[in-house]
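Look at the chain from its overall fold down to single residues.

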Amino acid sequence: MAMPVIDSLLANRTLRKAIWKLWYPLLTRRLQADGVVFLNYAYETEPPMEIALAPADEADRACIQLYHHVGTLAELRGKAVLEVSCGHGGGASYLTRTFAPASYIGLDLNAAGIAFCRQRHQIERLEFVQGDAEKLPFADGAFEVLVNVEASHCYPQLPRFLAEAARVLKPGGHFLYADFRFSQGIAAWEQALAGCPLQLLGTTDISAGVLRGMDCNSARSIALLERKLPKFLHGLGRDFAGVHGSRVYTALLEHGLSYRSYHFIKPCSEPLKQCVSLDQGKPISASSHRHSAP
Ligand SMILES: C[S@@+](CC[C@H](N)C(=O)[O-])C[C@H]1O[C@@H](n2cnc3c(N)ncnc32)[C@H](O)[C@@H]1O
């Protein structure tokens, strides 16, 4: 199907959810036998991040680095963490094994993906739940950190997800977020983020790092999608994987697409300067910081 047709279908909120509800289970069915545990565009810095990884994680290095970038915006150790849209669970597994949260729940709309996660990632303190980002099945204030990587562009109503994120976080809790938008969607994205009931602590444009991540994975992704997807889905698959020459890759290269990470905090009822940090029991400075560009 031609990409302009897909674009016009995705522009409709109801159809958007229906399309992703078909697309991701299809991907799970096609890719699970190959042990594909990441569904993101990946990230690499210049010079390279060179984080220490277990040998079994090396093949996923660039995708893991996106999670490492987002997951280290706040302390996870000892925290109750929720990840919304965990996909095939590779990020949940890496963050749980590496940063020892007290508990980590990965949630995704894709029931087949959640079944795959449960079978593939059997790790202490890590569990998986099927659910909708716009209607989270958790009590108010249940989590200290909420992670969300490259998924909010799928949600029909971003403000609903942001309201849910704020609801399930404890006061002082952290929302660690990364995603992208094409140029025409940036104003609405920024408006939704500015209107959300969370306080922005910092944001970074990581477009250049994601482009390098795509470069790292391009050859592997092309081989996989040509082997696993029917020919009529190759165009969509190339975009989805962000391979060299795909529309998404070119848009990122030519600044027609922006990929950003964000760190928000849920304000306490008291003034923020008196709010005790959930990180290290130290007061959080009232002054916002901005993360520097990679
Ligand atoms: C591009 S994948 C990213 C997955 C994962 N974060 C990663 O980086 O590997 C987007 C994910 O969002 C999930 N998703 C889409 N709409 C959703 C919704 N309304 N609620 C929860 N998850 C959703 C999809 O099922 C898919 O797993």
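In which loop is aspartate 132 found? Aspartate 132 sits in the loop between strand 3 and strand 4. The model is a predicted one, in which local features need pLDDT of at least 70, side-chain atom pairs count only at pLDDT 80 or more, and totals for chains, interfaces and linings use all residues. Residues are numbered from 1 along each chain as its sequence is written.

Aspartate 132 counts as partly exposed because it has 17 C-beta neighbours inside 10 Å. On this scale a residue is buried if 20 or more other C-beta atoms lie within 10 Å of its own, exposed if 12 or fewer, and partly exposed in between, with C-beta atoms placed from the backbone. Aspartate 108 is 24 residues from aspartate 132 along the chain, and their C-alpha atoms are separated by 6.7 Å.

**The chain and its sheet**

The protein chain has 10 helices and seven strands. Helices (H or I, at least four residues) and strands (E, at least two) are DSSP runs, numbered from the N terminus. Of the 294 residues, 40% count as buried. Among the contacts with a separation of 6 or more, 71% come from residues 24 or more positions apart; two residues are in contact if their C-beta atoms, placed from the backbone, lie within 7 Å.

The seven strands of an open sheet have the order 3-2-1-4-5-7-6, with mixed pairing. Strand 3 (126-130) and strand 6 (199-205) are the edge strands, each pairing on one side only. The twist averages 15 degrees from one strand to the next. Two strands pair if DSSP finds at least two bridges between them.

| Strand pair | Sense | Bridges |
|---|---|---|
| Strand 1 (residues 80-84) and strand 2 (residues 103-108) | parallel | five |
| Strand 4 (residues 143-149) and strand 5 (residues 169-182) | parallel | six |
| Strand 5 and strand 7 (residues 257-265) | antiparallel | nine |

Single residues mark these pairs. Alanine 80 stands opposite serine 103 in strand 2. Helix 5 (residues 111-120) packs on the sheet and touches strand 2 and strand 3, its direction making about 165 degrees with that of strand 3. Helix 6 also packs on the sheet, touching strand 1, strand 4 and strand 5, and its direction makes about 155 degrees with that of strand 5. Axes are lines fitted to C-alpha atoms, for helices over the stretch in contact, and angles run from 0 to 180 degrees between N-to-C directions.

Phenylalanine 143 has leucine 169 in strand 5 as its bridge partner, and tyrosine 177 has tyrosine 262 in strand 7.

**Around the ligand**

Which residues come nearest to the ligand? Of the 22 residues around the ligand, these are Asn40, Ser85, Gly87, Ala133 and Ala151. A residue counts as near if its C-beta atom, placed from the backbone, lies within 6 Å of the molecule. Helix 2 (13-31) and helix 4 (90-99) are the elements that give two or more residues to this shell.

**A residue in helix 9**

Glycine 237 lies in helix 9 (residues 234-241). Is glycine 237 buried or exposed? Glycine 237 counts as buried because it has 21 C-beta neighbours inside 10 Å. Leaving aside neighbours within four places in sequence, glycine 237 is in contact with Leu225 and Leu229. The C-alpha atoms of glycine 237 and serine 221, 16 residues apart along the chain, are separated by 8.9 Å.
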